[in-house]
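I opened my notebook to keep track of what I looked up in this structure. Come along and check each entry against the picture.

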Amino acid sequence: MLKIDMHTHIIPKHLPDWTKKFGYGDFIYLDHKEEGVADMMQGGQYFRTIKENCWNEEVRIQEYKTFDTQVQVVCTIPVMFSYWAKPKDCLELSEFLNDHIANLVAKYPKNYIGLGTVPMQDTELAVQELERIKKIGLVGIQIGSNINDMNLNEEQFFPIFEACERLGLAVMVHPWQMMGFDSMRKYWLPWLVGMPAETSRAACSLIFGGVLERLPNLRVCLSHAGGEFLFTMGRIEHGFNCRPDLVAIDNKKNPREYIGKMWVDCITHDIDALKYILNMQGSKRVSLGSDYPFPLGDLEIGKFITDSDLPQNVIEDIFCNSTLEWLDLKKEMFL
């Protein structure tokens with residue numbers, strides 16, 4: 001059975017010192033202190049330590065063979081978005097990252113599929129890079145759950161989504177810059193609590209802001225099983241019904257009608273939670289994802305699904321069919 005991991009992150013082994021080049025900011029660079037290990041530095045501050053499976057394409061392919069998975073959809077690490085930067089500087093960074101992924105896809109067409117990144121803070125430059133992304137062989141983009149704390153329904157972002165629909169590019173929404181970060185640093189709460197909330201924030205913004213209604217062919221996937229979105233749909237719908245004066249001001253359609261209109265990955269770490277999502281979404285809208293190579297992800301690449309009592313047709317949908325539909329790709333490309 002073909003397995004496609006549609007949620008993985010990669011970074012070039014060597015990054016320019018953009019902070020030095022641009023003369024400002026806390027851009028990420030890698031400090032390679034020993035073979036196969038590097039510290040991600042944000043400006044002059046330590047961010048995290050990563051191993052070579054963050055950049056070494058051959059190591060990644062071999063590790064994936066352990067879990068009988070052939071194809072990885074790769075995108076940058078969200079901290080690289082740099083939406084806070086000057087737009088033209090962010091465009092230069094985005095071009096560098098996108099070229100790296102495009103070259104990887106061209107080199108290993110049966111092992112890698114690429115998603116790009118764009119300077120979301122500048123509509124014109126973002127659309128410009130979307131046009132280029134399409135030409136160099138990437139099939140979509142990864143974006144943050146908010147853009148400098150602005151929700152995705154803000155009108156300045158609409159032409160970007162409109163261009164994605166026009167170009168046939170998929171959109172993956174990944175939480176980042178979690179709300180409440182500074183007030184809940186202890187216990188890793190931004191990652192455990194903030195990230196699921198961020199994804200729901202993004203989903204509700206796209207729905208209530210009318211983005212999905214205006215762009216019915218936009219193919220959006222929500223990371224981490226949609227975060228809190230599907231699990232709190234009862235509350236979201238009740239709020240829509242009981243306070244339409246606050247909620248239904250830009251879109252009169254019940255939010256429950258959008259269940260199954262967006263894809264989600266399967267990163268629940270819990271088979272019962274996944275079954276709940278499958279019951280809501282259907283297996284055609286749930287995709288295999290791992291968040292590889294980071295420890296909070298499913299680093300056994302769907303083993304909890306293989307070991308479950310889910311029907312084989314459902315597993316096949318999760319492992320490849322759903323992702324192929326989201327990305328508008330043919331299975332034959334990887335056989």
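**Entry 1: charges.** I looked up where the charges sit, and the mean positions of the 34 positive and 46 negative charges of the protein are 2 Å apart. Here Lys and Arg count as positive and Asp and Glu as negative, while His and the chain ends are not counted. I took the place of a charge as NZ of Lys, CZ of Arg, CG of Asp or CD of Glu.

**Entry 2: ground rules.** I noted that this is a predicted model, where local features need pLDDT of at least 70, side-chain atom pairs count only at pLDDT 80 or more, and totals for chains, interfaces and linings use all residues. Residues are numbered from 1 along each chain as its sequence is written, and side-chain values use heavy atoms, with hydrogens and water left out.

**Entry 3: the whole protein.** I found 12 helices and 11 strands; these are DSSP runs numbered from the N terminus, helices (H or I) of at least four residues and strands (E) of at least two. The radius of gyration is 19 Å, close to the 20 Å that the globule rule gives for 335 residues, so the protein is as compact as a globular protein of that length. That radius is taken over C-alpha atoms, and the rule is 2.2 Å times the number of residues to the power 0.38. The C-alpha trace spans about 55 × 45 × 45 Å along its principal axes. Of the 335 residues, 57% are buried (under 20% relative accessible area, with exposed over 50% and partly exposed in between; 1.4 Å probe, protein chains only).

**Entry 4: the sheet.** In what order do the 8 strands of the open sheet run? I read E1-E5-E6-E7-E8-E9-E10-E11, with parallel pairing. Strand E1 (4-9) and strand E11 (286-287) are the edge strands, each pairing on one side only. Two strands pair if DSSP finds at least two bridges between them.

**Entry 5: strand E5.** I moved to E5, where 5 of its 5 residues are buried. Val71, Val73 and Cys75 lie on one side, Gln72 and Val74 on the other, and both faces are covered. In a regular strand the side chains alternate between the two faces of the sheet. E1 and E5 pair in the parallel sense over 4 bridges, and His9 stands opposite Cys75.

**Entry 6: strand E6.** Is E6 (residues 112-116) enclosed or open? I counted 5 of its 5 residues as buried, so E6 is largely enclosed by the rest of the structure. Tyr112, Gly114 and Gly116 are on one side, with Ile113 and Leu115 on the other. E5 (residues 71-75) pairs with E6 in the parallel sense over 3 bridges, and Gln72 has Tyr112 as its bridge partner. E6 also pairs with E7 (residues 140-144), in the parallel sense over 2 bridges; there Leu115 stands opposite Gly140.

**Entry 7: two residues.** Leu138 sits in the loop between helix H4 (123-135) and E7, and is buried with a relative accessible area of 2%. Not counting residues up to four places away in sequence, Leu138 touches residues including Gly114, Leu115 and Gly116 (contact means heavy atoms within 4.5 Å). I then turned to Ser205 in helix H6 (residues 189-208), buried with a relative accessible area of 8%. Leaving out residues up to four places away in sequence, Ser205 touches Asn151, Leu152 and Asn153.
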